[in-house]
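Please keep the sequence and the model at hand while reading.

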Amino acid sequence: MLCESKGNLESSFELTYQTKRQLTLIGFALRRFAAGIDYIIILPSIYFYLQSFNVGYYFLGLVIAADSLVAFFVSPLIEKLGDKLQRVRFLGFVANLFQIAGSMIYALPLYYYMPLVGRLVSGLGQGFSGALYGEVKRVTSPEERNRVMIFMEGVRLFGVVIGPGMNFFMKDFDLTFGPWIIDRRTAPGFFMAIVWLLVQVVHIFTVYDLSLHPNGYRELPDSEEDPPNQKKPSISQPFTTNGEPSTTTGEPKPTSGEDEPKSDEGEPKSDEDEPKSEDPHTDSSDSEGKRSEEIRVLESDGELSKPVRPVSQTSSYTRKLERMPAMNYSIWELLCRRDVMLILICQFLMFFNQTTFETLMLLIGVNLLGFSITILSAIFIVAGVEMVTVIILVWSANKSLDAKYLLVTSISAGLLASFARLAVGFADNNSTGSIAMTLLMGFFTIIGTPIASIAGKSLLPKLTHPETHGFYQTAFATSQHLGLIVGPLVASVLYTHLVLFSSLTIVVFLVVYMSLLPSVEKMQFSAHGCGTI
């Protein structure tokens, strides 16, 4: 009785697949929220932290770009591992451990390279994002997948917005544990270690390996081509007009030579010479005349056959041609299209411009304008609110806006940001003009980046073949990620040559802008989503 009662008790508390899926998505969303905070929370204080070690400006760029650099190489590997093992719960658990360890190492002010090592270790944990989105794709249907992806990015943006505000509460931190000093410089790392520890606890109790669940969602290939409640005929053994299987694997053929109509000269009559009847069930000869267009499955009880999906040489050949771009084109040929290349360059430039602004805001704000951690935190909060506002406005007006001209608008905003950065190089330190130009630099940068991302995501599926969408999505994300890595490195190295750096970026933006204008006018979109230029 005791064993029986125990079994009933366990079964009554067993979670259903849908409940496990909802809990898993909540755990993933919480992790994306923590990732958004982790991305931005160290920026207001990191330069003050590194100043205590008297390191060069270049080291600031290294520390900022370190986690993105590691995640860039690790994320595809973890995603492939997640697809093969389908054990995202274990992979997420290990990734959270790296995030906790990286945050703790970052907060240890023992040696000048500790912040860099901490960010590198955290990058190993950030690589889990690829496996996370891979699991989301596996457990969601195509109809709901887009909504879930948008929600995941939305909660991450929310973390980006409120992340800098955490520095308001940590500026008065003054704790000491032996050689470990937790103050306003190291407090963000200590705080993020606690956050990731909480994320780890939630991960243990909410995330499940849904891909291994027997009731999990399975996306069947070619399911959209099959009508509902209808049998799919076996092409390898088609039926003849007599209801008997044909001996060939191609189209049905007559059972005997007498069944094929002949012309007056004794030669077989072609389909063009044969009169066609409007009634498909009048006689067997009419049915044979339509056998290249439709396969009929005869019911065993003698009822009329039910037509199924047409199978002909023409449609099969067309489907083969549609697959040729994905099979025959090399990676170089796919990337060397003028329109696609310009879209990818725009993504790199705008994300390069964004991380350049984030790095230069620290250097210019502290060295030239005398900004404190509180002021820098407020600036980054405003920048996050501006970015979310731009995204909402563009998405709400998406139907009335042309993505081609949105891309031109983003490059124009980046060009204006570069001019504002050039003006900062000529302005006097701590002057009203330098403050105004610095804020304008951030204003135009934050406007351009989300517009470029939205426009690129909208244009690529229209300009490329459906079977190459996966490749171009990877190239799209790679160009953005490279911008996140290169921006801090270049900005920190060329900070002392701000006029030269700004002049070079202006020239690059002008070249891309002049190349983009004629290409935008030539962009044409076909009905099935492939574009030409």
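Two residues are in contact when heavy atoms of theirs lie within 4.5 Å. The model is a predicted one. S418 sits in helix α16, which covers residues 403-426. Leaving aside neighbours within four places in sequence, S418 contacts N353, S502, T505, I506 and F509. Buried means under 20% relative accessible area. S418 has a relative accessible area of 0%, so it counts as buried.

Next come the nonpolar cores. The largest has 92 residues, and I46, L60, L360, L362 and L516 touch the most other members. Helix α14 (residues 338-368) supplies the largest share of this core, with 15 residues. Domain 1 (15-217) and domain 2 (329-523) each contribute at least three residues to this core. Another core, of 19 residues, lies apart from it and includes V70, L91, A95 and M149. Nonpolar side chains tend to be buried together in soluble globular proteins.

Not counting residues up to four places away in sequence, L362 touches L43, P44, I46, Y47, L60, I64, N367, L376 and F380. Helix α3 (residues 43-51) and helix α15 (residues 373-396) have axes that come within 8 Å and cross at roughly 145°. On the α3 side the contact is made by L43, P44, S45 and F48, and on the α15 side by I373, L376, S377 and F380. This contact of α3 with α15 comprises six nonpolar and two polar residues, with no charged ones.

Helix α15 also holds I381. In sequence I381 and P164 are 217 residues apart, yet their C-alpha atoms are 6.0 Å apart in space. Besides P164, I381 touches V161, G165 and F168, not counting residues up to four places away in sequence.

The crossing of α4 past α7 is right-handed. Which residues of α4 and α7 make the contact? From α4 they are S75, I78, E79, G82 and D83, and from α7 they are F128, S129, G130, A131 and R138. By class, the contact of α4 with α7 divides into three nonpolar, four polar and three charged residues.

Definitions and conventions:
Residues numbered from 1 in each chain as written. Predicted model: local features only at pLDDT ≥ 70, side-chain atom pairs only at ≥ 80, totals over all residues. Heavy atoms only, no water. Left-handed = near helix turned anticlockwise from the far one by under 90°. Helix = DSSP H or I, 4+ residues; strand = E, 2+ residues; numbered from the N terminus. Nonpolar A, V, L, I, M, F, W, Y, C, P; charged D, E, K, R; others polar. Core = buried A, V, L, I, M, F, W, Y, C linked by side-chain atoms within 4.5 Å. Buried < 20%, exposed > 50% of the residue type's maximum accessible area, 1.4 Å probe, protein only. Domains from an automatic or database assignment. Axes fitted to C-alpha atoms, helices over the stretch in contact; angles between N-to-C directions.
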